[in-house]
Amino acid sequence: MNDDFYNQSALQERVNTLREQGYRGYRVTSGKGKVEGAVQVSAVGKSGVTLSASGDTVDEAYENLIEKIDITLDA
């Protein structure tokens, strides 16, 4: 199996998890709104910290939000 396919598949699985049940303690609070031509999504963590991300598509916005969550929690 191709590494790019595996990485994209794993990322899509995390996007689905975030949408449906939350990811690493964060739950989506808003999404799909257009802000200056981009889709923006937000999630709030158990501690009350809110993170937001945007992208050209809904999936890209969720992917960027997952990256922000990972960076925040792994720092």
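In which helix is aspartate 70 found? Aspartate 70 belongs to helix 2, which spans residues 58–74, where helices (H or I, at least four residues) and strands (E, at least two) are DSSP runs numbered from the N terminus. The model shown in these views is predicted, so that local features need pLDDT of at least 70 and side-chain atom pairs count only at pLDDT 80 or more, while totals for chains, interfaces and linings use all residues. Residues are numbered from 1 along each chain as its sequence is written, and side-chain values use heavy atoms, with hydrogens and water left out.

**View 1. Tyrosine 23 and aspartate 70 are joined through their side chains by a polar contact of 2.8 Å.** A polar contact is a pair of N or O atoms within 3.5 Å; within protein, one must be able to donate a hydrogen and the other to accept it, and residues adjacent in sequence count only if both atoms are side-chain atoms. Tyrosine 23 lies in the loop between helix 1 (3–21) and strand 1 (26–35). Tyrosine 23 counts as buried because its relative accessibility is 11%, and aspartate 70, at 16%, also counts as buried; the term means under 20% relative accessible area, with exposed over 50% and partly exposed in between (1.4 Å probe, protein chains only). Residues up to four places away in sequence aside, tyrosine 23 touches Arg14, Leu18, Ile66, Ile69 and Asp70, whereas aspartate 70 touches Arg14, Tyr23 and Arg24, contact meaning heavy atoms within 4.5 Å.

**View 2. Strand 2 (residues 38–45) and strand 3 pair in the antiparallel sense over 6 bridges.** Two strands pair if DSSP finds at least two bridges between them. Glutamine 40 has serine 54 of strand 3 as its bridge partner. The two strands form a hairpin with 4 residues between them, and glycine 48 in the turn has a positive phi of about 95°.

**View 3. Serine 42, found in strand 2, is joined to serine 52 by a side-chain polar contact of 2.7 Å.** Serine 42 is buried, with a relative accessible area of 10%. Apart from neighbours within four places in sequence, serine 42 is in contact with several residues, including Arg27, Val28, Thr29, Ser30 and Leu65.
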